[in-house]
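I opened this entry to keep track of what I looked up in the structure, from the whole chain down to single residues.

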Amino acid sequence: MDIQSLSVVVPGGCPNACAFCVSRMHDSPYPNRMEEPGGDRALYEREFQARMAFARDNGCNNLLLTGQGEPVVNRAFLERLALWNAGLAKPFRWLELQTSGVTLDPDGLRWLRTTVGISTLSLSLSDQSDSAANAYINGTPPGMEVDIDALCLAVKKQDLTLRLSLNMTDRYNERPVAELFRRARELGADQVTFRKLYGSGTGCAEDRWVAEHSVRPGFWDDAGDYVRSRGRALETLPFGATRWSVDGLSTVLDDDCMSTVGDKPAIRYLILRPDARLYTKWDDPASRLF
């Protein structure tokens, strides 16, 4: 089984209300057994850890902390996960965090590195140049807005690998591809991923927003041309995308971030949810493995 990464869904809410939020497109049929009052927490913790071990046994080296909410708001769970990982026969060494940056400060970043073991912080941005616009699209409450420049500087001061995960909204329509790379370098990024917005096809409010506010369709051709003309192909990732070196940045054009295409030769990732079960698709409970 060829697995690129294990995505661990950290239970908890989210201060944001992103206009394109995938989690708000679907009801969640996955119970939170890891924090269930009166539940058999010890049993589910063992099963959760066993599924982490299963991913490692099948050649998975990368653990990505993500969530249907904002993972950094549940520090208690992250601390427990660090202990479960340390207890594996072959612990994950390559740990990443996907975050909007909300609530993060230098002390929090230090804690993520020293206690949780994070080495890469993947910062989701709906506008990488305008902190106010980014907060507006992400529905960030007043007083919790992320200062993009300050946070990126703090990430680099902690000597973490910084990946910018750019949610390709129409805020990027008028900016040349070269400008997006220039800005990423200015922020100190090591890596950049261009992420196509996902629609569920259900006609929900988020679907309508995505239809109206996604980056112009021609962007992907322009970005591909820029990457091929200026970049160096590094390797093909297991799910088929190519990782490039472009203007000093590790670059991926990700037009299937939900892993919706079903005929790929590799399982792009396994998803470990708070019900302590493994899945292969974000939007289909029938993808449960065990």
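I began with burial: of the 290 residues in the protein chain, 51% are buried, where buried means under 20% relative accessible area, exposed means over 50% and partly exposed lies in between, with a 1.4 Å probe and protein chains only. I kept in mind that this is a predicted model, in which local features need pLDDT of at least 70 and side-chain atom pairs count only at pLDDT 80 or more, while totals for chains, interfaces and linings use all residues. Residues are numbered from 1 along each chain as its sequence is written, and side-chain values use heavy atoms, with hydrogens and water left out.

Next I looked up the overall fold. The protein chain has eight helices and 11 strands, taken as DSSP runs numbered from the N terminus (H or I of at least four residues for helices, E of at least two for strands). Its radius of gyration, taken over C-alpha atoms, is 18 Å, close to the 19 Å that the globule rule (2.2 Å times the number of residues to the power 0.38) gives for 290 residues, so the chain is as compact as a globular protein of that length.

Then I turned to helix H1, residues 41-57. Which residues of H1 are buried? I found Tyr44, Phe48, Arg51, Met52, Ala55 and Arg56. They cover an arc of only 150 degrees around the axis (from the directions of the C-beta atoms), which puts them on the same side of H1. Arg46 and Asp57, on the other side of H1, are exposed.

Phe48 came up again in the largest nonpolar core, a set of 64 residues in which Leu6, Phe48, Leu65, Leu112 and Leu164 touch the most other members. Such a core consists of buried Ala, Val, Leu, Ile, Met, Phe, Trp, Tyr and Cys residues joined through side-chain atoms within 4.5 Å. A second, separate core has 10 residues, including Cys18, Cys21, Met25 and Tyr198.

Last, I checked Asn74, which lies in the loop between strand E2 (62-66) and helix H2 (75-86). Is Asn74 buried or exposed? Its relative accessibility is 11%, so Asn74 counts as buried. The side chain of Asn74 reaches the backbone nitrogen of Phe77 at 3.2 Å. Leaving out residues up to four places away in sequence, Asn74 touches Val10, Pro11, Gly12 and Glu35, with contact meaning heavy atoms within 4.5 Å.

Key:
A polar contact is a pair of N or O atoms within 3.5 Å; within protein, one must be able to donate a hydrogen and the other to accept it, and residues adjacent in sequence count only if both atoms are side-chain atoms.
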